[in-house]
Amino acid sequence: MDLEVAHGAGSPRGKKEKRGGESWGAVLLLAYQSLGVVYGDVATSPLYVYKSAFAGDDIRHSAGNEEIYGVLSFVFWTLTLISLLKYVLIVLRADDGGEGGTFALYSLICRHVRAGLLPGGGTREDLMAEQDKAAAAVGRRVSRARTLLERYRVLQRLLLLFALLGTCMVIGDGVLTPAVSVFSAVSGLELSMEKEHHKYVELPVTCAILICLFALQHYGTHRVGFLFAPIVCIWLLCISTIGLYNIIRWNHHVYRALSPYYMYQFLKKTQTGGWMSLGGILLCVTGSEAMYADLGHFSQASIQIAFVSVVYPSLVLAYMGQAAYISQHHSFESSYHIGFYVSVPEKLRWPVLVIAILAAVVGSQAIITGTFSIIKQCSALSCFPGVKIVHTSSTVHGQIYIPEVNWILMILCLAVTIGFNNTKHLANAQGLAVITVMLVTTCLMSLVIVLCWNKSIFLALGFLLFFGTIEVLYFSASLVKFHEGAWVPITLSFIFMIVMSVWHYGTIKKYEFDVQNKVSVNWLLNLGPSLGIVRVRGIGLIHTELMSGIPAIFSHFVTNLPAFHQVLVFLCVKSVPVPHVEPEERFLVGRIGPKEYRLYRVIVRYGYRDVQQDDLEFEKDLIHSIAEFIRSGGSDQNGLMEGSSEKTCERLSSISSGAVPLWEEEQNGEEADGTASPNKEINQQTVSSAQAQPKKRARFVLPKSAQVDGEVRSELQELMDAREAGMSFILGHSHMKAKSGSSFVKRIVINFFYEFLRRNSRGPSYAANIPHASTLEVGMVYQV
């Protein structure tokens, strides 16, 4: 039987940060803080843009200055059109409940269109129910694009693969950005040391800084967060001041190069070489995606103010200053000298070198943290194997640390740094990763314009053609450098794509097996109130991925061990495609069968950016939710009936825990019985006294003054007695195996790849918080 969710109970609302009522002072403070978190990457791009553009034999700096003026014109207009116009003014508006990023765009589309392939598809339909009713009420015409996307499964798969491609490239960027930023900053030693000594110092210093950077990740950015914004502010002030000095000192007419005419002259003279140099020029917008990915940490207004008033003018002055200096200095031995440090006055090179290294570390920190966040999103939505997620800050949401991913990133980052040992190949690799993510964002954004914003399809096509044409030009220039480093992000993204696709495919097959082999509720109800087994004291929590029906592990368990707890709770923990779920909408509670059966179903919903509770807090909220459901009447309320022949209803209600006036009292562990006076009322913020005082434990008591009738009081008392007897967690420990007759590819994917990932990945995050002494695993083999 299919589970029907009552109106008002099935649609968690994504928690949108409301900053519109904040004062200008608060917005400006956020803008200042965003400098250290969001803009560290794009702020350090002047270190390597000109050097990368003139690397190799693509173009040469001539006495006529057409090349340097053309590169400056390209840098200015790329920064203006991509970073300022596309991201700051347009893409930032496409937030998913206050969150940004490539995967957030995919989630946003899936919340407006039934295009999700994630397990628990019913959740997505529930999320869309109210929107569909509203659309029907106003007679809104459903777009053809939405109809096609909902009808054809192949388009849904392509959409998911496209989103995963962008996600994999972001992970690749997380490997390459620290290497490029730190190596470029340290390369300033060439002009600060005598002869060839720098060659023996640059690589070891770079590797040492990278190792320290990744080794300190477990402390969290909040530990040194107060340093980040000042460092980036000093760096931006430094490069803009030096740029302004170079403009005044060397060539105050360099502003003329901002005209698009110089781009035409540049391509006309350099032709193929100029086109290939675009792969280095596009690095001026690296870090622009971070503005969107870090939207959840700040407000749209604060990011826009910081970029328009501080970052953008500083970068323009820095690039103009470098061009002004280079335009008056032509006698260079190699293209290396067309770089950042050569334009810095000699007396300032050592201080600037130190500031540059610190700024590079800040920029690397931002992309590493962003990589952690996007992997957490993918893992929450079953698109990445389970990993350990450590929340490094109790006050700043989203600051997390993933040990396994951190060390993998460090190893890969050191490998590419040592393997290439020059910024040319590293920059080529980073350029392809950056432009691929931007292309994916442009394509997904065009779908958002049509499907989510309900704008004209011509507006979406205009957005796609305008920005897509620019980015395809840069993408082609990066792709031709495949043998010069651009193969790295392609290889990394291919590996991560295989991992994510296999995990997603296996997860879907496992869920489909659960759905096909679930036990009918009729079978359970026909056993009678005792369920045909011995009912012992306590609460049994049976975890299942199903939102309806009885999981196969339950029948498997009672068949082999015919005894179970007096209160049974079928617990389903779901990650829904919204960033956050409000606390009052987190628990959905329902009853299975008549009251005397003492069977309940609880669905706990978390957004992909929510922090899951520990075991003590979770147990407390769970008991309160069930108690509130019982107090409010349970199945006596008006609900949707399931199956006309069963005379029972399984209805879920959204429950705000803590509404029932339960008291918490402390009792020494040695006391078997005894009474204690109630000392405090449990609420959402209360921390169990069992945490603070290990020698005592907390027990729930229903006050005599509680306004409930006799039957409800009896059921509540039985729930309290069962909780006092203890809670047991029953988890399924499944092994996947391709059934006989499956294709060779499916057998390889399921029997080897997926099983390898399952054995070497962590279980669900809620399982890690369950006390081992209270856990029972039921093994089953899934023939899929």
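Which residues of S5 are buried on one side, and which on the other? Phe587, Val589 and Arg591 are buried on one side, and Leu588 and Gly590 on the other. The model is predicted, with local features needing pLDDT of at least 70 and side-chain atom pairs pLDDT 80 or more, while totals for chains, interfaces and linings use all residues. Residues are numbered from 1 along each chain as its sequence is written, and side-chain values use heavy atoms, without hydrogens or water.

View 1. S5 covers residues 587-591, and five of its five residues are buried (under 20% relative accessible area, 1.4 Å probe, protein chains only). Strands (E, at least two residues) and helices (H or I, at least four) are DSSP runs numbered from the N terminus. S5 runs antiparallel to S6 (residues 599-607), joined by five bridges; pairing requires at least two DSSP bridges. Leu588 stands opposite Ile603 in S6.

**View 2. Helix H5.** Residues 102-112 form H5, and eleven of its eleven residues are buried. Among them are Phe103, Tyr106, Arg111 and His112.

**View 3. The largest cavity.** A cavity is a set of points, on a 1 Å grid over the protein atoms alone, where a 1.4 Å probe fits but cannot get out; lining residues have an atom within 4 Å of a point. The largest cavity holds about 320 Å³ of space. Its lining has 28 residues, with Val170, Glu289, Ala290, Ala293 and Ile367 nearest the centre. Elements giving two or more residues to this lining include H5 and helix H8 (153-186). H16 gives the most, seven residues.

Definitions and conventions
Buried < 20%, exposed > 50% of the residue type's maximum accessible area, 1.4 Å probe, protein only. 1 Å grid on protein atoms, 1.4 Å probe; cavity = no way out; pocket = protein on both sides within 12 Å on 5 of 7 lines; lining within 4 Å. Points joined across faces, edges and corners; volume = space filled by probe spheres on them.
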